[in-house]
Amino acid sequence: MKKLGFGLMRLPQLDAADASKVDIEQLKQMVDMFMEKGFTYFDTAIMYNGFASQSAAKAALVDRYPRERFALATKLHSGFFNTLEERDALFNQQLEQTGAGYFDYYLLHGIESGSYPKYENLDCFNWLLDKKAKGLVRHAGFSFHDSPELLDEILTKHPEMEFVQLQINYLDWESEWIRSREVYEVATRHGKPVIVMEPVKGGTLAKVPEEAEKLLKAREPHMSVASWAIRFAASLDNVMMVLSGMSNVEQMADNLSYMEDFKPLDPDETALTHQVAGIINAQIAVPCTGCAYCTEGCPRHIAIPKYFSLYNEDMRENLEEKGWTANFSSYNNLTKSFGRAADCIACGQCEAVCPQHLPIIEKLKEVSAHFDH
């Protein structure tokens, strides 16, 4: 397979305030572009796009192409089952929603220290192998958001897992929280191919500070800023697939333009990405990827990733000089559909599911102090 995978996580929307309202016609166009260039890997999950992603995959892909022409991946998330019966019901629901008949790649989703015991206690690793034996799953693996030490423990205990999905990008490569390089090295040492998620870090690496963009453009004037992030991940030897959550036709066209005939970064280009990472890290306020796991159970319906994105934008501005930015208007417009940052009741559900382990409650206080006045 070619190394670019279509992540069905940030799909085109008909309503910016409702992620479940997917623009199916635009998605069909994107799927067609992807398939026509010889790319075949699609990745979905239960909660993506307001729980609409799996059904969207059926409408735009499964119902329109012969099953053997594409590979479909989906996942079992620990937040949606508590018993063996619920686990099986969830899998059957996924088969029904996608209409796929079987899954080429199936993952135990988002394993970290808090969720790992549930996967063990409910025997999910053996359960997944049973699904494979029955032909309902072709390849068994898991996605992971935690320390290299825990990853080593899991892969040592479960060598039967065929691959691991990791968050890898040049911004997180040496991060003390994400530790992308270290978890990549653990997977490689265990001989497990890596599927990369969040290569552009939720769009952060598509819109970098001006100083960083000038460096990238000086080297490759005709390459998009985002292309550097995708190519960084795809250049790693043990990476089998890089997922990109494309939201419109333009993003799809850009990704296809350089991944159709992929050329790995050379050592100088790799060094340049690390230089850019240093510039970004010096300016970013909240390293949120916009996955939106935190919003699904928020009792105040707070648009946490959207607010963090606006806050990050403002923190890069010279506010003493400007005094006001358009982000204030964007924030106020969003609060007509969502709770304000100030509405947070500190229940903690968001922090419990955040793959980045962010102190969301404290950061929402900062956002509120900035925008809610």
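Here is a short walk through a few parts of this predicted model.

Let's start with strand β1, residues 4-7.

Three bridges tie it to β8 (residues 239-244), with the two strands running parallel, and here Leu 4 stands opposite Val 242. Strand β2 (residues 41-43) pairs with β1 as well, again parallel and over three bridges; Gly 7 has Asp 43 as its bridge partner there. To get from β1 to β2, the chain passes through helix α1 (residues 24-36), making a right-handed β-α-β crossover.

Next, hop over to helix α4 (residues 84-98), where you'll find Gln 94. Leaving out residues up to four places away in sequence, Gln 94 touches Ile 46, Gln 54, Thr 74, Lys 75, Phe 103 and Tyr 106.

Finally, take a look at α12, a helix of 15 residues (267-281) that reaches 21 Å from its first C-alpha to its last. Its buried residues are Glu 269, Leu 272, Thr 273, Val 276, Ala 277, Ile 279 and Ile 280. Why do they sit on the same side of α12? Because they cover an arc of only 160 degrees around the axis. These buried residues pack against α9 (210-219) and α10 (225-234), while the face turned away from them carries the exposed Pro 267 and Asp 268. At the start of α12, a side-chain oxygen of Asp 266 comes to within 3.1 Å of the backbone nitrogen of Asp 268.

Note on methods. Residues numbered from 1 in each chain as written. Predicted model: local features only at pLDDT ≥ 70, side-chain atom pairs only at ≥ 80, totals over all residues. Heavy atoms only, no water. Helix = DSSP H or I, 4+ residues; strand = E, 2+ residues; numbered from the N terminus. Expected span 1.5 Å × (residues − 1). Buried < 20%, exposed > 50% of the residue type's maximum accessible area, 1.4 Å probe, protein only. Arc of directions from axis to C-beta. Contact = heavy atoms within 4.5 Å. Polar contact = N/O pair within 3.5 Å; in protein donor to acceptor, adjacent residues only side chain to side chain. Pairing = 2+ DSSP bridges. Right-handed = clockwise from strand over helix to strand, strands pointing away.
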